[in-house]
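Here is a set of questions and answers on one protein model.

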Amino acid sequence: MEPSLTGFVDQFCAAQAHRTRQAEDATRDAMIQPNVYWTLLAPFVTVVGLYTNVPEGGEVAADQAAWLRGELAAAPVGATLIVTLHHPIYSADAHHGGSARMGAVLDQAVAAAGRWPDLVVMGHVHNYQRFTRRVAGREVPNIVNGAGGYWHLHAVAKGADGGRLPVPWAVPGMDVTLEQNCDDWHGFLRLDVTAGTIRGRYRSVPRPQESWRAG
């Protein structure tokens with residue numbers, strides 16, 4: 001069995017852009033990002049990108065968890081801190097769902113480093129969901145932003161009455177609220193970050209013969 005990172009490296013960390021066998025009929029080249037997991041230092045913002053491997057719900061090895069703790073601890077104090085990971089900690093979708101295992105990985109890293117992220121951005125689920133987590137006297141946005149291109153969108157779970165979940169919607173057993181979602185159109189998230197402030201705007205993109213809208 002090949003290591004979990006092998007497929008990711010082939011598709012996203014190639015030495016040069018080229019069409020891979022796995023692309024099949026997609027007109028996309030392999031990406032050439034330099035590392036699998038990384039930290040981006042920029043004016044006013046630090047972005048820590050954690051790779052969460054392949055198994056459903058995510059899996060983080062001990063050395064990866066240690067790296068995350070170190071990056072959180074070393075993040076500049078005056079800068080906004082954003083943590084990104086593939087498998088979502090929270091998700092109200094009817095296909096994958098959230099991962100308590102990834103939540104524990106992040107919480108343990110935060111406890112060890114003594115530093116909370118100002119925003120957590122996740123993928124894997126093919127729709128848009130914005131949650132608010134109330135913890136340690138603060139409100140931390142957790143965003144699932146996975147509707148960027150794959151054709152098969154994942155529907156949000158139905159409520160007890162069989163209808164759409166209301167927003168806001170309290171996640172059972174957690175001090176977490178689903179504030180907004182979009183599961184029927186593709187879209188992208190734009191973040192504007194200044195010192196101490198994050199402003200986000202999610203824009204949905206229509207399929208052919210549909211109208212444009214913003215959310």
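This is a predicted model: local features need pLDDT of at least 70, side-chain atom pairs count only at pLDDT 80 or more; totals for chains, interfaces and linings use all residues.

Q: Is I32 buried or exposed?
A: Exposed means over 50% relative accessible area. I32 has a relative accessibility of 53%, so I32 counts as exposed.

Q: Which element gives the largest share of the largest nonpolar core?
A: This core has 30 residues, and L68, L72, L85, I89, L106 and F131 have the most contacts inside it. Elements that give two or more residues to it include α2 (62-74), α3 (100-113), β5 (128-135) and β6 (138-145). The largest share is five residues, and it comes from α3.

Q: Which residues is L106 in contact with, leaving aside its neighbours within four places in sequence?
A: L106 is among the residues with the most contacts inside the largest nonpolar core. Beyond its neighbours within four places in sequence, L106 is in contact with L68, V83, I89 and V120.

Q: How many residues are in the second, separate core?
A: V121, L153, C182 and W185 are included in this core. C182 is buried, because its relative accessible area of 10% is under the 20% cut-off. The count for the second core is 13 residues.

Q: What is the volume of the largest cavity?
A: The search of the whole structure finds one cavity of 30 Å³ or more. I89, Y90, L106, W116, P117, V120, R133, V140 and N142 line it. The lining divides into seven nonpolar, one polar and one charged. The volume is about 50 Å³.

Q: Which element supplies the largest share of the lining of the largest pocket?
A: The largest pocket holds about 1,900 Å³ of space. It is lined by 46 residues, with F8, F12, M31, H86 and H124 the closest to its centre. The lining divides into 20 nonpolar, 20 polar and six charged. The largest share, six residues, comes from α1.

Q: Which element supplies the largest share of the lining of the second largest pocket?
A: About 270 Å³ of space lies in this pocket. Its 17 lining residues include R130, P141, I143, R199 and G200, which lie nearest its centre. β5, β6, β9 (186-194) and β10 (197-205) each give two or more residues to the lining. The largest share, five residues, comes from β10.

Q: How many residues in the lining of the second largest pocket are charged?
A: The lining has 17 residues. Nine are nonpolar and four are polar. The number of charged residues is four.

Terms used. Residues are numbered from 1 along each chain as its sequence is written. Side-chain values use heavy atoms; hydrogens and water are left out. On a 1 Å grid over the protein atoms alone, a cavity is a set of points where a 1.4 Å probe fits but cannot get out, and a pocket is an open set with protein on both sides within 12 Å along at least five of seven lines; lining residues have an atom within 4 Å of a point. Grid points are joined across faces, edges and corners, and a volume is the space filled by probe spheres set on the points. Ala, Val, Leu, Ile, Met, Phe, Trp, Tyr, Cys and Pro count as nonpolar, Asp, Glu, Lys and Arg as charged, and the others, Gly among them, as polar. Buried means under 20% relative accessible area, exposed over 50%, partly exposed in between (1.4 Å probe, protein chains only). A nonpolar core is a set of buried Ala, Val, Leu, Ile, Met, Phe, Trp, Tyr and Cys residues joined through side-chain atoms within 4.5 Å. Helices (H or I, at least four residues) and strands (E, at least two) are DSSP runs, numbered from the N terminus. Contact means heavy atoms within 4.5 Å.
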